[in-house]
Structures are given as C-alpha cells and as structure tokens.
Amino acid sequence: MSQTVRGVIARAKGEPVAVEEVEVPDPGPGEVVVGVQACGVCHTDLHYREGGINDEFPFLLGHEAAGIVEEVGPGVDDLAPGDFVVLNWRAVCGTCRACRRGRPWYCFNTHNASQPMRLADGTALSPALGIGAFADKTLVHAGQCTTVDPAASPAAVGLLGCGVMAGLGAAINTGGVTRGDSVAVIGCGGVGNAAIAGARLAGAATIIAVDVDAKKLRWAEGLGATHTVDASTADVVEAIQGHTGGFGADVVIDAVGRPETWTQAFYARDLAGTVVLVGVPTPQMTVRLPLLDVFGRGGALKSSWYGDCLPERDFPMLVDLYQQGRLDLDAFVSETIGLDGVEDAFAKMHRGEVLRSVVMF
C-alpha cells in the first residue's frame, strides 16, 4: 500500500516548481517513512531546479529536514515509529574503501531508499540528494535518519541536514580550527555564517567575515565575527592581513566557490595555513596559480564535502550544544513558510534576503 501526500516538484529545467500529489510506498527492507516536520530551502534545491545537478527530472525537492519516523521496513532495528530524526544524505555503507580505512565521513557508496516515490500517474521521482523532503512524508534509507533529542526545534535542527552542517564542518572538521586561531570566511550566506559559528564554537580568537552585502556582514557579527570586510570596497587579501598582524589567517574558508574568491583565500592565509573550499563551483570554472606559490606557501588546500561530517557523531552533539545555548541554530531561520512558498523562497535566497526559509508541516 502507498500513501498519497503533497510534494514540491520540479518538472523541467528552469520552470517554477509546483505542489503535486506524490505516492509514497510502504518501506521495504532497510527503508523508513518519515513524517516531515520542517525542511529548509537550500541552494542545492535551486541547483536541481535549474538542472545544475543532473537532468533526471522530475525531481522531488527538499533535503534539509527533520521529522518523525512513522513506519520502518524489515531489518530496521535501530529506529522505531515515534523517533525524532534529522535526515542526512550521507548514510555510510561501512564497507567501501573509505569506510574500511576508518574514514566513513568520505564514504563513497552512501545508501538511499531502493524504491522510488512517484507522481499520481506513476512517473518515478528523483528525490533531491536521495531525500525529497518538501513533502508531508518521504521514504529514505534507515541510515539517512539520525535520532536526536525530540525537545529540539525541528525548524532549527533540520538545518543540520545540509547547509549549517556544511559550514560548521568546514571550520571544525575540515579546517581543524582550534582555540586561538585566526579564521577568515569569504561569503556570508547560510553556509558561510555557519562556518563563522563553527569557528566561534571552536574557540577561534579572530574571525573575519567577508562579503559584499552589509546585511550579511551584520548577520556574521551576530554569529561570532570579530571583524568584517566589505569586499565591494576593500582589497580582501590586504584587509585580512591587516586584521592578522600582517600575516594572513590560519584558516581561510571560501563559501562562495568562484575562482576569484578561492584565489583570495589562497593568498589571504598565513604561511603553512589552510584553505577550505566549501562553496560549490560550476564545471567550467578554473584556477591558475604559479606553482612556486603553491610550494612556497606550504599548508593545505582542502575541499569540504558536507562539512566532512559523520551524522551519527555530529548531529546529536550539535543539537546538545544548541539546547545548551552555545550554538544559535535559531538565528539561521529567517522565516517559516508553507509548501506553496518554495518558489518565492528561491527568489529571496537568490536576492540574499534570507539565511534560510524553512517549510513547516
């Protein structure tokens, strides 16, 4: 038996999304049906709508979510109906070469549900990042569910499912920020501001926020930035060096993902410092650097996949810090909307008016 729910569908590249009926099958082996309570509107969903991920239309969008387990399939022993979970798109397999080497946060064979959800006419849907949570209910693999304290706000902790975790993890996991460090973050949208919050949480002494939007820089100050740089009027590299004794930052995080911002990050770090790329570039983008500069400056050039997180390790810890008042996840929720507000939320996100719009069910 399947259930009919409402979901936000992208049928073709660049076309506005629409709320349509979706058929959610009963969970099969290793699968779970989750009643979605909240789902953030992430830029990745817009990438799907624009055909920037792949062309496997139609898509069931939404992936940054929290909700309640409603049904579990055969073989699911660690979840039960009523569990409050944050969904993730890194359900580690435990057997690939990364997992076998003790690096499951790099898992190269993550799990998704085997059965497709479908439109009313039987057309199979491609769920965004294997989740598809702009829907009243969704079918996922059990490994995509991480149980957390049910007292936490779904709107806030659901954001750990993607953007906030990506930023926090870029600072803490990938960048290895620790107490006393200097950190610069280029691009202060949702992911960049999460990186600022992560740097603050890790005890960084100097946290420099860089953006062209004064509103985003104010958000950054509220989340822990000690200095701000308006990239529309200042030389970014010189400004970061000016706030770090002339040396550059220990860790520079590029949350934009463009050749010019990554090059700024490269030259704005101290000798032997670390550059972390967490903003997602497009396929045609390239960077040219003198190889001697790469050698002479030393350090590390890293990219951050999902904040190099391990959901079962990181989500409960971060929810605990949120409930202690040490991590302000509520600050990322700019507005709450209904399913029919997703298209408008994309426009607001594109204009830089929100950190996150969150669909509430």
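The model is predicted.

Start with the empty space. Rolling a probe the size of a water molecule over the atoms shows where such space is left. The largest pocket has a volume of about 1600 Å³. Its lining counts 47 residues. Closest to the centre of this pocket are His47, Ala255, Val256, Gly279 and Val280. Several elements give two or more residues to the lining: helix 1 (43–49), helix 5 (190–202), strand 12 (206–211), helix 8 (259–268) and helix 11 (342–350). Sorted by class, the lining of the largest pocket has 25 nonpolar, 17 polar and 5 charged residues.

Now take the second largest pocket. About 380 Å³ of space lies there. The lining of this pocket is made of 20 residues. Asp78, Ala142, Gly143, Cys145 and Glu312 lie nearest its centre. Two elements, strand 10 (145–147) and helix 10 (311–323), each supply at least two lining residues. Strand 10 gives the most, with 3 residues. By class, 9 of the lining residues are nonpolar, 8 are polar and 3 are charged.

The largest nonpolar core has 50 residues. Within this core, Val157, Leu160, Leu168, Ile196 and Ile253 have the most contacts. Helix 4 (residues 163–174) gives the most to the core, with 6 residues. Leu160 is worth a look in the viewer. Leave aside its neighbours within four places in sequence, and Leu160 is in contact with Val86, Met165, Leu168, Tyr306, Phe315, Leu318, Val319 and Leu329. Leu168, one of these partners, is also among the residues with the most contacts inside the core.

Strands of a sheet pair through backbone hydrogen bonds, either parallel or antiparallel. Here, 5 strands form an open sheet in the order 7-2-1-4-8. The pairing is mixed. Which strands stand at the edges? They are strand 7 (118–119) and strand 8 (126–127). Each has a single partner strand, so one side of each is left without a neighbour in the sheet. Further in, strand 1 (residues 2–10) and strand 4 (residues 59–60) run antiparallel. They are joined by 2 bridges. Across this pair, Ala10 stands opposite Phe59 in strand 4.

Notes:
Residues are numbered from 1 along each chain as its sequence is written. This is a predicted model: local features need pLDDT of at least 70, side-chain atom pairs count only at pLDDT 80 or more; totals for chains, interfaces and linings use all residues. Side-chain values use heavy atoms; hydrogens and water are left out. On a 1 Å grid over the protein atoms alone, a cavity is a set of points where a 1.4 Å probe fits but cannot get out, and a pocket is an open set with protein on both sides within 12 Å along at least five of seven lines; lining residues have an atom within 4 Å of a point. Grid points are joined across faces, edges and corners, and a volume is the space filled by probe spheres set on the points. Helices (H or I, at least four residues) and strands (E, at least two) are DSSP runs, numbered from the N terminus. Ala, Val, Leu, Ile, Met, Phe, Trp, Tyr, Cys and Pro count as nonpolar, Asp, Glu, Lys and Arg as charged, and the others, Gly among them, as polar. A nonpolar core is a set of buried Ala, Val, Leu, Ile, Met, Phe, Trp, Tyr and Cys residues joined through side-chain atoms within 4.5 Å. Buried means under 20% relative accessible area, exposed over 50%, partly exposed in between (1.4 Å probe, protein chains only). Contact means heavy atoms within 4.5 Å. Two strands pair if DSSP finds at least two bridges between them.
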